[in-house]
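Okay, everyone, thanks for coming. Let me put my chain up on the screen and then we'll walk through it together.

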Amino acid sequence: MTPARHGGAAGRYEARDARVRTLAWLLATLLAGMVAVLFLMKALFAHLALSEERRPAIPSTLAGTRSNVPPEPRLQNTPLDDLRRLRAEEDAALSSYGWVDRGAGIVRIPIDQAIEMTEKAAAAEPGAPEAGAPGGRR
């Protein structure tokens, strides 16, 4: 026996080295197999997705019939437009004539005219402070 195959009294060891060429081919084959499996999986997924799109949707009997409109309270889709619309309605109410309660004879007048009428009525009262006096006293 030669010392390359047997380590003598210290113990035995493997004298053959690993074949690098064989390991490289094995690694290349494994990588090629993995890539092939990935492409096959992608093709299978595309085929299944296409067949799922072609299949008509069957409604679930468990879900029952539901409305497309969510329950109250709903969120505003366009809050800025809603705010502009509200302010336009308020401005129209403040600057126009209209009935508040026709049966009771209550009307609405423009705010500017109401302010002028209030100032005239306050000035016409005896003992009322003058419009230009600060704090109402001289």
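I'll start with the overall layout and then go through some details.

A quick word on the ground rules: this is a predicted model, so local features need pLDDT of at least 70, side-chain atom pairs count only at pLDDT 80 or more, and totals for chains, interfaces and linings use all residues. Residues are numbered from 1 along each chain as its sequence is written, and side-chain values use heavy atoms, with hydrogens and water left out.

What's pLDDT? That's the predictor's confidence in each residue, from 0 to 100. The chain averages 82, and 79% of the residues score at least 70. Among the elements, β1 has the lowest mean at 89, while α1 has the highest at 95. Keep in mind that where pLDDT is low, the predicted coordinates should not be read in detail.

Now the layout. We've got three helices and two strands, and from the N terminus on they go α-α-β-β-α. Helices here are DSSP runs of H or I with at least four residues, strands are runs of E with at least two, and both are numbered from the N terminus.

How much of the chain is buried? Buried means under 20% relative accessible area, exposed means over 50%, and partly exposed is in between, with a 1.4 Å probe and protein chains only. The accessible surface comes to about 13,500 Å², and 62% of that belongs to carbon and sulfur atoms. Those areas come from the Shrake-Rupley method with a 1.4 Å probe, and for residues, only the protein chains shown count as cover.

Next, contacts, meaning heavy atoms within 4.5 Å. If you take the contacts between residues at least 6 apart in sequence, 0% of them join residues at least 24 apart.

Let's zoom in on helix α1, residues 20-54, where we find L30. L30 is exposed, at 52% relative accessible area. Together with L23 and L26, L30 makes a nonpolar surface patch of about 300 Å². For patches, residues need over 30% relative accessible area and no salt bridge; like charges are joined within 9 Å, and nonpolar side chains (Val, Leu, Ile, Met, Phe, Trp, Tyr) within 5 Å.

On to charges. Side chains of opposite charge can pair when their charged atoms come close. We call it a salt bridge when a side-chain nitrogen of Lys or Arg is within 4 Å of a carboxyl oxygen of Asp or Glu. How many salt bridges does that rule give? The count is four, and I'll show you some of them.

One of them pairs R55 with E52, at 3.6 Å from N to O. R55 is exposed at 52%, and E52 is partly exposed at 47%.

Another links D82 and R85, at 3.0 Å from N to O. Why can those two reach each other? They sit three residues apart in helix α2, residues 79-94, so about one helical turn separates them. D82 is partly exposed at 22%, and so is R85, at 47%.

Then there's E72 with R74, where the closest N and O atoms are 2.8 Å apart. E72 is exposed at 57%, and R74 is partly exposed at 44%. P73 itself is in the loop between α1 and α2.

That brings me to backbone angles: most residues other than glycine have a negative phi, and most peptide bonds are trans.

Last stop, the hairpin. Strand β1, residues 98-101, and strand β2, residues 106-108, run antiparallel and are joined by three bridges; strands pair if DSSP finds at least two bridges between them. Four residues lie between the strands, and in this hairpin G105 takes a positive phi near 75°.

So, what stands opposite W99? That's V107 in β2. W99 is in strand β1 and is partly exposed, at 45%. Leaving aside neighbours within four places in sequence, W99 touches G105, I106, V107 and R108. And from W99 to I109, 10 residues along, the C-alpha to C-alpha distance is 8.9 Å.
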